[in-house]
Every structure is written in structure tokens, then in C-alpha cells.
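Colleague: Could you take me through this model, giving the cut-offs behind each term as we go?

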Amino acid sequence: TIELKAGAGESWHSFVMFCVTNNYGGVENMSLIPGTIGAAPIQNIGAYGIEVKDRIKSVEAIDVNSGDVRVFSNRECEFGYRESVFKHTLKGKYFISSVTLTLTKKNHVLNTSYGAIQQTLDQHQTPPSIKSISDAVIAIRQQKLPDPKVVGNAGSFFKNPTIEKAHYESLKIT
């Protein structure tokens with residue numbers, strides 16, 4: 001594995017492309033997500049079966065009142081589905097200054113099962129790799145959204161609805 005520390009103001013997509021170019025695995029499914037490294041842990045961004053919480057080792061943040069620097073472990077970030085401590089309990093209390101991620105250098109675990117990734121790879125007759133998965137995700141995203149350089153947009157952001165299991169069971173048709 002390799003640990004990479006990136007500044008909060010860096011482009012998320014540029015970071016992903018750096019990782020893909022250097023064969024660092026773990027974030028390729030999150031290609032072309034607009035935004036910054038610093039915003040990624042707040043929302044626990046994710047795409048195509050991958051969430052950033054699974055790669056974040058720690059988040060460095062500055063207390064906006066005292067100026068003290070604090071490093072939050074992954075556990076202390078209290079990640080959930082599109083959630084983190086920075087979105088709720090600590091909202092407005094800290095400024096994220098950097099994020100340290102743990103990625104793979106070899107023996108990558110490739111996720112092609114979500115969405116149209118495998119179908120896109122099959123269409124292009126491309127075996128799964130960090131680069132081919134990133135390329136597939138970019139192609140899929142570009143089909144769904146206008147080019148932000150032409151038509152400004154914030155990408156695709158949503159949260160799938162979640163309900164308690166008991167509520168789900170009561171709604172099931174048998």
C-alpha cells in the first residue's frame with residue numbers, strides 16, 4: 001500500500017488522475033467527480049460502488065476558533081452513507097486542510113460490478129484495470145451529464161433514500 005496526503009484545495013478529479021497515472025488503486029471508480037479533496041470527506045463522496053471512507057486514513061483539520069490543528073482518524077470521522085462528523089456535529093467548527101488516503105500499489109481490488117462499468121469494458125473489449133475502469137467511469141459520466149466546461153453544473157449529487165429494515169419489511173409485497 002501507499003499513503004498519499006493531498007491538500008484540501010486540490011481538485012478531486014486531478015488527484016484521481018494522478019493515482020491512475022501512477023497505478024495507485026482504490027479511487028478509480030470515483031473519476032470525474034467535481035469538487036476538492038477537502039470536500040470529499042464531508043459528504044463521504046462515492047461512485048460506482050466505492051466510497052472515499054474506504055480509502056481515507058485520516059483528515060487534518062483546523063479549528064476555526066482556536067486555529068489548532070487536529071488530525072481525525074477514519075473512525076473519528078464517523079463516516080456513514082454520504083455522512084460524516086464534519087457534516088453534522090462538527091459542521092462549521094473545522095476547516096479541512098488535508099486528507100491522507102491509503103491506496104494499493106499492486107494486487108488491486110477492482111470493482112466492475114456496479115452500474116454499467118463491466119458493460120462498458122465489454123463493449124470496448126478492455127480487460128479490467130485501474131485505467132480502464134477510470135476510462136469507463138468517465139465515459140459513463142460524460143454520457144449522463146453535460147461537459148462542465150460548456151454548461152456549468154455541479155455533477156450528480158444525491159443520496160439514495162434509506163429506511164429502517166422494519167419499515168422495508170412492512171412495505172414488501174409478498
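Colleague: In which helix does L171 lie, and is L171 buried or exposed?

Modeller: This is a predicted model, in which local features need pLDDT of at least 70 and side-chain atom pairs count only at pLDDT 80 or more, while totals for chains, interfaces and linings use all residues. Residues are numbered from 1 along each chain as its sequence is written, and side-chain values use heavy atoms, with hydrogens and water left out. L171 lies in helix 5, residues 165-171 (helices are DSSP runs of H or I, at least four residues, and strands are runs of E, at least two, numbered from the N terminus). Because its relative accessibility is 54%, and buried means under 20%, exposed over 50% and partly exposed in between (1.4 Å probe, protein chains only), L171 counts as exposed.

Colleague: Where is T120 found, and is T120 buried or exposed?

Modeller: T120 is found in helix 3, and, leaving aside neighbours within four places in sequence, T120 is in contact with A136 and I140 (contact means heavy atoms within 4.5 Å). Since its relative accessibility is 8%, T120 counts as buried.

Colleague: What is the bridge partner of E3 in strand 6?

Modeller: Strand 1 and strand 6 pair in the antiparallel sense over six bridges (two strands pair if DSSP finds at least two bridges between them). In strand 6, the bridge partner of E3 is T102.
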